[in-house]
Amino acid sequence: MSCLQTIQDYGLRSLGYGERLLPRDDFTLCEQFTLIGSGMIWNVYFGVVALLTGFFFATALGVGKASANPWFRKPAEWFIFIFRGSPLFIQFFFGYFLFLSLKSEYAFFGPFTAAWLGALIVLFLNTAAYSGEIFYGALQSIPKGDVEAADAYGLSGWSRFRRVIWPTSLRLAWPAYTNEAIFLFHATTLVFFSGFPAWQQRGDALYYASYFADKTFNPFVPYPILAGYFILLTLCIIGVFGLINSRLNRHLPQAQRRKIRLRPNLIR
């Protein structure tokens with residue numbers, strides 16, 4: 001079988017298109033690259049959707065934690081504390097069995113036991129908690145002069161927040177938020193490794209890398225391929241977030257612009 005035929009057969013297998021059965025033996029390098037790359041579709045899906053939706057919830061959490069009103073501050077503080085204080089792996093585990101218990105009582109929760117929705121919700125809540133803490137710290141770091149200048153111009157309430165406070169806090173938080181985005185995409189490898197099962201062997205990149213490692217008893221081929229895919233994905237994230245960072249800091253002199261520095265977390 002040629003490599004082109006392998007790509008046609010397995011390129012979209014993680015989505016249910018192409019060959020139903022995985023190769024059993026005589027694995028080629030092309031098969032490993034193709035199937036692991038096919039699984040990356042799920043990693044990108046989980047990361048992109050969780051990041052986009054979590055961004056807005058994180059904004060609300062950061063503002064809520066910075067609020068003087070305890071009815072807003074306390075729920076935000078406890079939400080952030082719970083999801084930052086517990087391992088993501090455990091959150092996947094409890095999330096799956098929670099949805100499974102609800103499914104037995106209410107048919108509505110049936111789709112929540114599938115990874116495409118249930119695991120996505122767990123990732124959404126987790127990244128919102130971490131990002132909410134980042135945005136809260138940025139809100140606390142806004143120079144007082146900026147707020148005083150807004151008051152001097154007669155801005156208050158929503159106008160002051162939209163024109164001064166939020167843009168400034170976003171500019172301050174963006175380098176740290178970039179690292180959170182990178183780690184979120186890396187954390188998607190835990191989805192099928194934890195509680196959520198892979199239906200009909202339609203898993204993510206780590207699922208297929210583990211399959212090849214178990215069948216060949218040689219982890220030194222599939223796992224470096226997996227790492228290579230994630231390195232390329234990380235470079236794409238850095239590029240996109242770097243462009244946004246330049247846009248946020250376009251009004252500052254070149255010497256004063258905050259640079260994005262990678263500070264990966266060793267454990268979450």
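The model is predicted. A search of the whole structure finds one disulfide, and a nonpolar patch on the surface includes Phe 94, a residue of helix H4.

**The disulfide**

- The disulfide is formed by Cys 3 and Cys 30, whose sulfur atoms are 2.1 Å apart.
- Because the torsion about the S-S bond of Cys 3 and Cys 30 is about 80°, the disulfide is right-handed.
- Cys 3 belongs to helix H1 (residues 3-10) and Cys 30 to helix H2 (residues 29-66), so the pair ties together parts that lie 27 residues apart in sequence.
- Cys 3 counts as partly exposed, with 40% relative accessibility, whereas Cys 30, at 15%, counts as buried.

**Helix H4**

- The 18 residues of H4 should span 26 Å at 1.5 Å a residue, and this agrees with its end C-alpha atoms, which are 26 Å apart.
- Leu 88, Gln 91, Phe 92, Gly 95, Tyr 96 and Phe 99 are buried in H4; seen down the helix axis, the buried residues fall within an arc of 130°, so they line one face of the helix.
- On the other side of H4, the residues Phe 94, Ser 104 and Glu 105 are exposed.

**The nonpolar surface patch**

- Phe 89, Ile 90, Phe 93, Phe 94, Phe 97, Leu 100 and Phe 193 form this patch, and together they have about 670 Å² of accessible area.

Key. Residues numbered from 1 in each chain as written. Predicted model: local features only at pLDDT ≥ 70, side-chain atom pairs only at ≥ 80, totals over all residues. Heavy atoms only, no water. Disulfide = S-S within 2.5 Å. Helix = DSSP H or I, 4+ residues; strand = E, 2+ residues; numbered from the N terminus. Buried < 20%, exposed > 50% of the residue type's maximum accessible area, 1.4 Å probe, protein only. Patch = residues over 30% accessible without salt bridge, like charges linked within 9 Å, V, L, I, M, F, W, Y side chains within 5 Å. Areas by Shrake-Rupley, 256 points an atom, 1.4 Å probe, with all protein chains shown as cover. Salt bridge = Lys/Arg side-chain N within 4 Å of Asp/Glu carboxyl O. Expected span 1.5 Å × (residues − 1). Arc of directions from axis to C-beta.
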